[in-house]
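Here are a few notes to go with the model, for when you have a minute. Have it open while you read.

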Amino acid sequence: MAKLPITLLTLLLLLPAICISFSPENPTDRRILVLLDDLALKSSHSIFFKSLQDRGFELDCKLADDRQITLQRYGQYLYDGLVLFSPTTERLGGSLDLADVLEFVDSGRDLILAADANASDLIRNIAAECGVDFDEDSSAVVIDHTSYAVSVVEGDHTLIAANDLIQSDVILGSAKIEAPVLFKGIGHSLNPNNNLIVKVLGASSSAYSANPSSKLSSPPSLTGSAISLVSVMQARNNARVMVTGSLDMFSNRLLRSGVQKAGSSIKYEKSGNEQFVTELSKWVFHERGHLKAVNVRHHKVGEADEPAIYRINDDLEYSVEIYEWSGANWEPYVANDVQVQFYMMSPYVLKTLSTNQMGLYHTSFKVPDVYGVFQFKVEYQRLGYTSLSLAKQIPVRPFRHNEYERFITTAFPYYGASFSTMAGFLIFSVVYLYNK
């Protein structure tokens, strides 16, 4: 009995965390676990962490090998997002391991993973499960002798000034990133068997991955535009993952550093790193590009109530409301590529929905002349947005015996054939009986 009050007290303490966590009505992650190699990263990367806190996130920073680390308690996840800034960690603390991190993503939660030249096998394996393959050479970093950042010291050209960004307003925001993004770390390639992973920041065609302190004895395994510097993945359950090979990219030093790209006369007072990581983290943590569909309706034309069954050749109307989360509230989503299928084994009807620019999508069509069990299906997938999968089942019946027209136009040839046969038989009988 003494354990009961303790259990109740624990649940009461967890209740606020559960209430503010990720939900369909408030999709923005709120509680984020940050695992660090060294607590000094809290100060050296403070600008990035502060930007998260200023947007309302609650950060729980811990050493990656802390024995008290746990992602869930009593079957409830304690965090909505995970940030791994611990590239050298061989083993996570507590009972946390590779399977737990992957299960965290499988539950629909989000992950930011940053590595560097000393990335451990654990970090490499987590990235590989997300469709990202770091260079197998543990001593290799990205080198670019034409797109490096100009500095007082010539250096080894491993500080890359990259500006090959994905052209997507939903992922990187509508404001253009003018200054190059500074990158220093390891490159990766995308698994061709994973069509969910997308390159966000790529290397130039002159880049390659090698050990800068030794001469090349063989061609590098990663070269040119095949090198991805930052990649993101949105899983089929709408969990989002960001992977990069540069932990320094988030550091205060590179966020506030000026930048001049080799071969360019333009010198920027501030690199594009802060804008880049801020806008990308907004996407990862569902502050942008998160859709929801509500009020799915269908009914006969001229009626308002949803029927339990349709009849073949009925005229019907279908509508759905779609909204996008802006980080603070739901706003109407406007697009011209949302489609609905009237589906039974295959789509019998495929219609593009019209919109009133206020979130309402609608269309009308005639039920096909086929009876059976159909579905209204909306499968909406667009780069950067959460996918929508809507399905509503409805049976379709044929005409009843008393619902057909008295005379069917298409049957007139058969009517004529019947009456002509009867008339011919009558004439034949008269001629046969009375002909002498």
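**Around α5 and β6**

1. The buried residues of α5 pack against β5 (81-85), α4 (98-106), β6 (110-114), β7 (132-134) and β16 (240-244). Contact here means heavy atoms within 4.5 Å. Helices (H or I, at least four residues) and strands (E, at least two) are DSSP runs, numbered from the N terminus.

2. A word on provenance: this is a predicted model, where local features need pLDDT of at least 70, side-chain atom pairs count only at pLDDT 80 or more, and totals for chains, interfaces and linings use all residues. Residues are numbered from 1 along each chain as its sequence is written, and side-chain values use heavy atoms, with hydrogens and water left out.

3. Which residues of α5 (121-129) are buried? They are Leu122, Ile123, Arg124, Ile126 and Ala127, where buried means under 20% relative accessible area (1.4 Å probe, protein chains only). Just after the helix, Gly131 has a positive phi of about 90°.

4. Now β6: 5 of its 5 residues are buried. Asp110, Ile112 and Ala114 cover one side, with Leu111 and Leu113 on the other.

5. On pairing (DSSP must find at least two bridges between two strands), β6 runs parallel to β5 over 4 bridges, and Gly81 sits opposite Asp110. The chain goes from β5 through α4 to β6 in a right-handed β-α-β crossover: with the strands pointing away from the viewer, the path from the first strand over the helix to the second runs clockwise.

6. β6 is also parallel to β16, again through 4 bridges. There, Ile112 has Met242 as its bridge partner.

Notes:
Buried < 20%, exposed > 50% of the residue type's maximum accessible area, 1.4 Å probe, protein only.
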